[in-house]
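Let's take a friendly look at how one protein chain packs together. Have the sequence and the 3D view ready.

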Amino acid sequence: MNTVFRPGLMQGGRILITGGGSGLGKIMALGLAELGAKIYICGRRQAVLDAAVAEIAAAGGQAAAFVCDIRQPEAVDAMLDSIWADGGALTGLVNNAAGNFVARTETVSIRGFEAVTDTVMLGGFLITTGCGKRWIANGDRASVVSILTTWIWNGGPFSTPSAMAKSAVHAMTQSLAVEWGGKGIRLNAVCPGVFPTEGSDKLAAVPENPMRRAGQPQELANLVSFLLAPGMEFMTGQTIAIDGAAWQATGQNFSALAKWEDADWDAARRKAQAQDAKDKAAR
């Protein structure tokens, strides 16, 4: 239960969260729905989206889902047309969809590079500008929050495609905050640390940050709600880390893997392949 914001703070809000069916996206969807917003989520797996919509509804919220490959302009436009037809303009957008893998950069294929950058950078651009042109044409006020990583400040060794793509979205955030500020459209960004989700719960039990704990789901939802909420109209162009000061203390990246030898990388690749096969079999 939210104890920070007044009940109904986001009543009347209509917010799209890309990649909102799982992980951090679902955390934010549940938190915003609890405050009264109608949530739209999109992703590429219908079953995952349906399960998230059911979970939001069971908690008393409103949600709808769209299967959409945000790397495809036609798919993005079709989804946004459907959302606008379902009650009017969005009031908020959360750019959350992402992909990443750990590898020595010289071994990354162009296909692997594009799998990450097309989702994060291209997809983020298509969704943001797709919403933006609709907001601008109708004189709507709105807010965009992009989920980044602290690698935008200190680099992402062994995750170079992700660091590059997230840095591009950071540049988009700052650029459009200026371009669209006079139109009542705000853009901010959040860099989360370790939060317990389906994917991150396999990480170390005690995260390496000064607080020696993982973030609580409600803490992330609270920050994103704050950035999207009415009454915050003067805040734009900002990027906020919520990671227990991890990146200042440790860098919060994979720089320690510089010590790995070929055998370590081979073992990690086999483990990743086995996990991928297990995940596909479970779909």
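Which residues have the most contacts inside the largest nonpolar core? Keep in mind that this is a predicted model. The answer is L16, M79, L80, I83, L90 and W135, in a core of 31 residues.

Now zoom in on W135. Skipping its neighbours within four places in sequence, W135 touches W84, A89, L90, L93, D140, A142, V144 and I185.

Next, see how helix 3 (residues 73–85) meets helix 4 (residues 110–138). Their axes come within 10 Å and cross at roughly 45 degrees, so the two helices are oblique to each other. The crossing of helix 3 past helix 4 is right-handed. Here is who makes the contact:

| Helix | Residues in the contact |
|---|---|
| Helix 3 | P73, V76, D77, M79, L80, D81, W84 |
| Helix 4 | L126, I127, G130, C131, K133, R134, W135 |

Sorted by class, this contact has 9 nonpolar, 1 polar and 4 charged residues.

One last stop: is G156 buried or exposed? With a relative accessible area of 8%, under the 20% cut-off, G156 counts as buried. You'll find G156 in the loop between helix 5 (151–154) and helix 6. Leaving aside neighbours within four places in sequence, G156 is in contact with W151 and A163. Its C-alpha atom is 10.0 Å from that of K166, 10 residues apart along the chain.

Definitions and conventions. Residues are numbered from 1 along each chain as its sequence is written. This is a predicted model: local features need pLDDT of at least 70, side-chain atom pairs count only at pLDDT 80 or more; totals for chains, interfaces and linings use all residues. Side-chain values use heavy atoms; hydrogens and water are left out. Axes are lines fitted to C-alpha atoms, for helices over the stretch in contact, and angles run from 0 to 180 degrees between N-to-C directions. Helices (H or I, at least four residues) and strands (E, at least two) are DSSP runs, numbered from the N terminus. Angles under 35 degrees count as roughly parallel, over 145 as roughly antiparallel, 65 to 115 as roughly perpendicular and the rest as oblique. A crossing is left-handed if the near helix is turned anticlockwise from the far one by less than a right angle, and right-handed if clockwise. Contact means heavy atoms within 4.5 Å. Ala, Val, Leu, Ile, Met, Phe, Trp, Tyr, Cys and Pro count as nonpolar, Asp, Glu, Lys and Arg as charged, and the others, Gly among them, as polar. A nonpolar core is a set of buried Ala, Val, Leu, Ile, Met, Phe, Trp, Tyr and Cys residues joined through side-chain atoms within 4.5 Å. Buried means under 20% relative accessible area, exposed over 50%, partly exposed in between (1.4 Å probe, protein chains only).
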